[in-house]
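Let us walk through this structure one step at a time. Keep the sequence and the 3D view side by side.

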Amino acid sequence: VPEGESMLPAPTQAGRFRRPEFSFYGRASNFEHYRKTGEFLLRSYWPGFRIEDIEDWGAPFADDAAWRLFFNSLAWLTVLSGTDVGGREHPSDWPLCKDIVMRFIGFAEDNLHNKSTDIWHDHAMAYRVSYISYFYERGLAAQLDADERSRLRRMMDFQTDAIKGFMRRESPPLNNHTIFHSEAIADASLVFSENPADDIDLCQHTLERLLKTVVDRSTGITNEQAAFYHVFLIGRLMDTRSFFADRGVGLPGYDDELFSKMVAFQEQIEPRPGILPAYGDTKHEQPYSDEFLARAKARPQPLETSGDSKTSDQTILTAYPRDGYFIFRSGPPDRELYGLFLHRPERGVHGHWDGGSFISYSGGECVLADGGGPFQYKRPLRFLYFQSQLAHNTVIFNDDPVELRTTYRDHSVSDNGQHGAVLTSARM
């Protein structure tokens, strides 16, 4: 998921379907832009495109993996469906929607086992399954003849089987994409499934596994090792809970107590309010939208520190040895000294080789920065620089960055509460 992007859907009163990111794709301004220019929009910061300009589906004109991901989601066809996020009606164009969907299916049929094509990216596929399910019920089905309907059904079965495979896997561990997978299967179950109850059971079971995998229940800290993705998961997990609750499905563990802890950690780790520290796939001083936290209404509860904490009543050092964060704070807000020290026994999904790295602020202003993000999918710079030791305040021997894994040894706070210390060791 490109960092900085809002993945939140519209509130579920907009319909039974999830339609991820409908809050963007369903904007009235997107409908108006298409009506005036004939251009579809994938993101507000990318130029629009006309479908006539896509001569070869397998080689769209943007040399950007994220662009191709969202292009292959087909979510941009929303402007042909007639209803925006506010419920206002616009002219629909179901014949064109059918032509584009069938054009995609033709390409997909020719590339069913071509793993190098972007169309089978699990994120794009999950979004596509959700949106095609919605389009099908909304007006697409009436445009299809028997052969087209059969081809669409086979393609949906192929995609949902692949997504269920992702959901059932044991390795690699489940991550934030599991949310997209589960929502896609839930949407498809409304239209294309022969066993919708079994599909919902799979979603419920998988999302329960996900929560146990990605969030430390005692602290509310996520394991993806990126400040942005911690905030991202707060909003996404809460919205997933609301979506399934509207379907009459409860998600064990998705409760206010957990989300309160997640919000409390996010507030605690910020060098100043509203600014995220740059660790993992997170830009330096990256802001975030309140949209991510809009449904986290419960008051944050005091956090339990993980592991054998020796944190005193003083706030000079708050330690999370198991999760890998040591937060130093001293002084009043206008002169506060802030430090964040990282411990990394392994690299998380959106983490970097930044064990032993640290950042420092004084009075809310950065004194010592960490490289953090930005990043782009499949770009060498992401892997060769931003994820490596080179972009972080870590010890490098002989100018040779390595995959350094740290081991927590101890931490302490002085008797007068004015000094804190952390001891780690490291191995390559």
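Start with a group of rings. Y34, F40, F49, W57, W67, F71, W76 and F104 form one aromatic cluster. This is a predicted model, so every value here is computed from predicted coordinates. Across the structure there are 32 aromatic pairs.

Take one pair from that count. The ring centres of F49 and F71 lie 5.6 Å apart. Their planes stand at 70°, and an angle over 60 counts as edge-to-face, so F49 and F71 form an edge-to-face pair. Now find the two residues along the chain. F49 sits in the loop between α2 (28–37) and α3. F71 belongs to helix α3. They are 22 residues apart, and the pair links distant parts of the chain.

F49 has 2% relative accessibility, so F49 counts as buried. F71 has a relative accessible area of 0%, so F71 is buried too.

Helix α3 spans residues 65–73. How many of its residues are buried? The count is 9 of 9, and α3 is mostly covered. The buried residues are A65, A66, W67, R68, L69, F70, F71, N72 and S73. W67 and F71, both on this list, are also members of the aromatic cluster.

What do the buried residues of α3 pack against? They pack against α1 (22–25) and α5.

Look at the second of these partners. Two packed helices are described by the angle between their axes and the distance between the axes. Helix α5 covers residues 122–140. The axes of α3 and α5 come within 7 Å and cross at roughly 25°. Angles under 35 degrees count as roughly parallel, so α3 is roughly parallel to α5. The crossing of α3 past α5 is right-handed.

Which residues make this contact? From α3 come L69, F70, N72 and S73. From α5 come H123, A124, Y127 and R128. By class, the contact has 4 nonpolar, 3 polar and 1 charged residues.

Conventions. Residues numbered from 1 in each chain as written. Predicted model: local features only at pLDDT ≥ 70, side-chain atom pairs only at ≥ 80, totals over all residues. Heavy atoms only, no water. Axes fitted to C-alpha atoms, helices over the stretch in contact; angles between N-to-C directions. Helix = DSSP H or I, 4+ residues; strand = E, 2+ residues; numbered from the N terminus. Parallel < 35°, antiparallel > 145°, perpendicular 65-115°, else oblique. Left-handed = near helix turned anticlockwise from the far one by under 90°. Contact = heavy atoms within 4.5 Å. Nonpolar A, V, L, I, M, F, W, Y, C, P; charged D, E, K, R; others polar. Phe/Tyr/Trp six-rings, centres within 6.5 Å; stacked < 30°, edge-to-face > 60°. Buried < 20%, exposed > 50% of the residue type's maximum accessible area, 1.4 Å probe, protein only.
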